[in-house]
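Dear colleague,

I am handing over the structure below, and after it you will find what I found when going through it. Please read the two together.

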Amino acid sequence: MSDTSSPEQSSAATAFSAPPRPAPQAAVRPPRILAVANQKGGVGKTTTAINLGTALAAIGEDVLIIDLDPQGNASTGLGIDRRNRRHSTYDVLAGETALRDAIVPTAVPRLQLAPSTLDLAGLELEIGQARDRAFRLRSALAQLKTPAPGQTNFTYVLVDCPPSLNLLTVNAMAAANAILVPLQCEFFALEGLSQLLKTVESVREQLNPDLTIHGVVLTMYDSRNNLSGQVVADVRQFMGPKVYDTIIPRNVRVSEAPSYGKPVLVYDLKCSGSEAYLRLATEIIQREKELCA
Ligand SMILES: Nc1ncnc2c1ncn2[C@@H]1O[C@H](COP(=O)(O)OP(=O)(O)O)[C@@H](O)[C@H]1O
Ligand SMILES: [Mg+2]
């Protein structure tokens, strides 16, 4: 059978058989990416990632926590046990899995997680010579900017960094819009901060010129301890307005919650720790508005 249609007819026919154009959508805002970083261990990075993430989700944000610590405390603390970590951030950074395929839901609505496994500890040896080694997370996150129909349009990504200034933390800083630094209210709080700030500066120069310090959050404040008050004053003097008004108190409920695989906001919404993380989330959203204005 010969085709007798004229060029005009065939182009009209093609136009009709072409899929309908998607209705114009409001522009999708890319997620704000905050790296929760401090090379000191035990200062409250993971606790802040979990509970700030939960508080932001409670306020209506769509939040993704990326567990970038091989210890996987954020994953365990959100109740994702090792058997349910089919794909992990190791697979994502090794280039074997797309980030979306590693994401799992949590018990908290609007809060999702990319879990980690111990494999992540070996990543630096494996990709340490690759030219794009510092940009693996940034490339993986680029996928989130264009959600397909039915996929979550994340508004916040919180990256829980390991207690070291290694390639994993550098990946987080190279991918982030800003850094959020938890500082524990203890005698050595400021020690190491200048090293962290130097690393931020060199990442800004070499990898991510737009990187900023979002803020410093004081954690584990003990009102019965005079030292805590002194540390707050010192840190405010050193970091000025970068220090959030909200201070996270030392609160036993905060430390109990992870053993139940729950954020403290789910474990005990009314405790002082939950209230503080809700205030911090409100303050961060406010600061974001000021930054974007
Ligand atoms: N506000 C708090 N009150 C009481 N315990 C806390 C508080 N914040 C953190 N912790 C506890 O301190 C320890 C270290 O916190 P974590 O968030 O794991 O630190 P990091 O991730 O920086 O190593 C954990 O056992 C955690 O439960
Ligand atoms: Mg941690």
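**The sheet and its neighbours**

Leu34 has Ala178 in strand 6 as its bridge partner. This is a predicted model, in which local features need pLDDT of at least 70 and side-chain atom pairs count only at pLDDT 80 or more, while totals for chains, interfaces and linings use all residues. Residues are numbered from 1 along each chain as its sequence is written, and chains are lettered from A and ligands numbered from 1 in the order in which they are written.

To begin with the whole, the protein has 13 helices and 8 strands, where helices (H or I, at least four residues) and strands (E, at least two) are DSSP runs, numbered from the N terminus. Its C-alpha atoms fill a box of roughly 90 × 45 × 45 Å, taken along the principal axes. Of its 293 residues, 42% count as buried; a residue is buried if 20 or more other C-beta atoms lie within 10 Å of its own, exposed if 12 or fewer, and partly exposed in between, with the C-beta atoms placed from the backbone. Among contacts between residues at least 6 apart in sequence, 77% join residues at least 24 apart, a contact being a pair of residues whose C-beta atoms, placed from the backbone, lie within 7 Å.

The 8 strands form an open sheet of mixed pairing, in the order 3-4-2-5-1-6-7-8. Strand 3 (104-105) and strand 8 stand at the edges, each with a single partner strand, so one side of each is left without a neighbour in the sheet. Two strands are taken to pair if DSSP finds at least two bridges between them. Strand 1 (residues 32-36) pairs with strand 5 (residues 156-160) in the parallel sense over 5 bridges, and Ala35 stands opposite Val159 in strand 5. Strand 1 also pairs in the parallel sense with strand 6 (residues 178-184), here over 3 bridges. Strand 5 is in turn paired with strand 2, again in the parallel sense and over 5 bridges, with Leu64 opposite Val157.

**Two residues compared**

Which residues does Leu34 touch, not counting those up to four places away in sequence? They are Tyr156, Leu158, Ala176, Asn177, Ala178, Leu180 and His214. Leu34 is buried, with 24 other C-beta atoms within 10 Å, and its C-alpha atom is separated by 9.8 Å from that of Leu211, 177 residues apart along the chain.

Lys242, by contrast, is partly exposed, with 15 other C-beta atoms within 10 Å, and its place is in the loop between helix 10 (226-239) and strand 8 (243-249). Leaving aside its neighbours within four places in sequence, Lys242 is in contact with Ile213, Gly215 and Val216. The C-alpha atoms of Lys242 and Thr146, 96 residues apart along the chain, are separated by 32 Å.

**Helix 2 against helix 13**

Helix 2 (residues 45-58) and helix 13 (residues 272-292) pack at an angle of about 65°, with their axes 8 Å apart. That makes helix 2 roughly perpendicular to helix 13, since angles under 35 degrees count as roughly parallel, over 145 as roughly antiparallel, 65 to 115 as roughly perpendicular and the rest as oblique. The axes are lines fitted to C-alpha atoms, for helices over the stretch in contact, and angles run from 0 to 180 degrees between N-to-C directions. In this contact, Asn51, Leu52, Ala55 and Leu56 in helix 2 meet Tyr277, Leu278, Leu280 and Ala281 in helix 13.

With best regards

How values were computed
Contact = placed C-beta atoms within 7 Å.
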